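I opened a new notebook page today. My plan was to look at the whole fold, then at its inside.

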Amino acid sequence: NKGYGAMIDHWNEMNPDVQVNAIATGIRIQDPQKLLTAIAAGTGPDVAWVDRFQIASWVARNAFLSLDDFAKADGFVAEHVFYKPTLDEATYLDELWALPTTTDSRALYINRGLLADAGLQVEDLDTGNWEQLKEYAVKLTKKDSAGRVTQIGFVPTQDPWTLGSGGMWLWGWANGGKEVDEETGKITLNNPKFVEALTWAVDVIDSSGGIIDVADFASGFGAGAQEGFLQGKIAIRLNHNEFLRDVARYEPNLDFTILPIKFRNSTDNLSFGGGHSLVIPKGAKNTKEAWAFMKWFTSTDAWLLHSEAWKKYFEEEGRPWIPTFSATKEANEIVFRELFQPKEDKWLGFAKIFEGLLDVNIFRAQSPVGQQIHQAFLFEAQQEAQYHLKSAQEALDDATEKCQRELDEFLSY
């Protein structure tokens with residue numbers, strides 16, 4: 001990786017007595033067993049890079065060291081460094097367990113041309129009005145004489161072309177739902193607000209031809225230039241800020257805009273934030289050095305090296321550079337003020353919309369079974385409901401029961 005490689009090379013050059021050896025272990029977020037096994041055996045690394053939403057799961061398994069004492073001894077005030085949502089996600093049971101590295105935000109990409117063809121104006125669209133979103137979805141969906149979908153209007157679940165943008169998390173939260181009760185820790189995926197949101201999403205899909213027809217059409221999409229929105233075959237598309245890079249590279253003249261998602265029947269914006277963090281595993285041999293490296297790696301200076309390296313690489317390749325968001329607030333502010341100077345102002349404007357959403361990001365609830373909750377909701381209940389294998393209520397009831405059973409089993413030990 002050009003950015004992280006530049007950061008680590010700089011650290012090693014400046015710290016000859018504390019050399020960092022970065023190892024890619026192939027750990028997927030669904031399968032942390034390899035790292036857990038190494039930690040249990042006392043052979044884990046001094047620093048690990050992990051998905052931030054899983055922090056609670058790791059901490060519940062006694063896998064990481066608390067960073068509170070390191071920060072206190074160093075006079076390090078994390079609240080002054082990181083975006084609040086990223087820091088809240090790295091904090092569990094009132095202790096700091098990780099230093100956030102990356103973050104992102106999500107909003108709706110809108111194809112202006114397709115809206116105009118349907119007699120619609122993006123300026124009239126209220127993303128907090130679900131009835132209007134459904135109306136736009138239906139009007140923007142096109143079919144041929146045989147009834148086959150030839151253009152997708154808007155699919156709230158984002159299936160079948162991606163689960164990565166986490167569409168249903170956003171709509172559930174926008175409706176006022178919460179997947180875990182903050183007081184009791186009980187799983188509440190089947191709360192009325194989530195059920196209502198999933199029911200609405202399925203209704204939007206059904207009104208646009210049904211998931212089977214939509215999925216059949218979307219099966220022709222691919223990566224890069226073959227992505228459906230870039231091909232002009234999806235009118236409204238939820239995605240994160242990194243997707244701007246693909247638009248700028250493959251369809252720079254596309255007539256589109258960005259609209260933040262609002263809470264339902266509200267004027268307040270929200271977004272879904274994810275990202276990674278650095279942690280010190282239990283049993284680490286060089287904790288003092290690990291902390292020093294982590295603190296530097298998440299600093300403004302380090303992240304400017306990251307941005308400069310990627311900017312140089314993209315420009316040498318003749319490709320447009322769109323910055324990756326750091327969880328370090330000052331770093332982003334400097335990148336946007338000094339480094340990111342695209343030839344067309346629109347790219348800076350779009351990127352700043354996403355940057356502005358970093359402060360209103362919502363993250364997945366903290367739980368010892370956080371990964372199971374994510375899987376049961378986004379990969380199982382959502383699928384069962386939109387393919388009409390179960391009603392939204394039944395699917396979320398089953399997901400809640402499954403996750404609560406796994407949580408109870410974990411806590412029993």
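My entries on this chain follow.

**Ground rules.** I am working with a predicted model, where local features need pLDDT of at least 70, side-chain atom pairs count only at pLDDT 80 or more, and totals for chains, interfaces and linings use all residues. Residues are numbered from 1 along each chain as its sequence is written, and side-chain values use heavy atoms, leaving out hydrogens and water.

**Overall fold.** I found 17 helices and 13 strands; these are DSSP runs, H or I of at least four residues for helices and E of at least two for strands, numbered from the N terminus. The radius of gyration is 22 Å, close to the 22 Å from the globule rule for 413 residues, so the chain is as compact as a globular protein of that length. That radius is taken over C-alpha atoms, and the rule is 2.2 Å times the number of residues to the power 0.38. I noted a C-alpha span of about 70 × 55 × 35 Å along the principal axes.

**Inside.** How many of the 413 residues count as buried? I got 53%, with buried meaning under 20% relative accessible area (1.4 Å probe, protein chains only).

**Cores.** A nonpolar core is a set of buried Ala, Val, Leu, Ile, Met, Phe, Trp, Tyr and Cys residues joined through side-chain atoms within 4.5 Å. The largest one has 52 residues, and Trp169 and Leu189 are among those with the most contacts inside it. Helix H9 (residues 192–207) gives the most to this core, 8 residues. I also looked up a second, separate core of 42 residues, including Trp11 and Phe297.

Terms used
Buried < 20%, exposed > 50% of the residue type's maximum accessible area, 1.4 Å probe, protein only.
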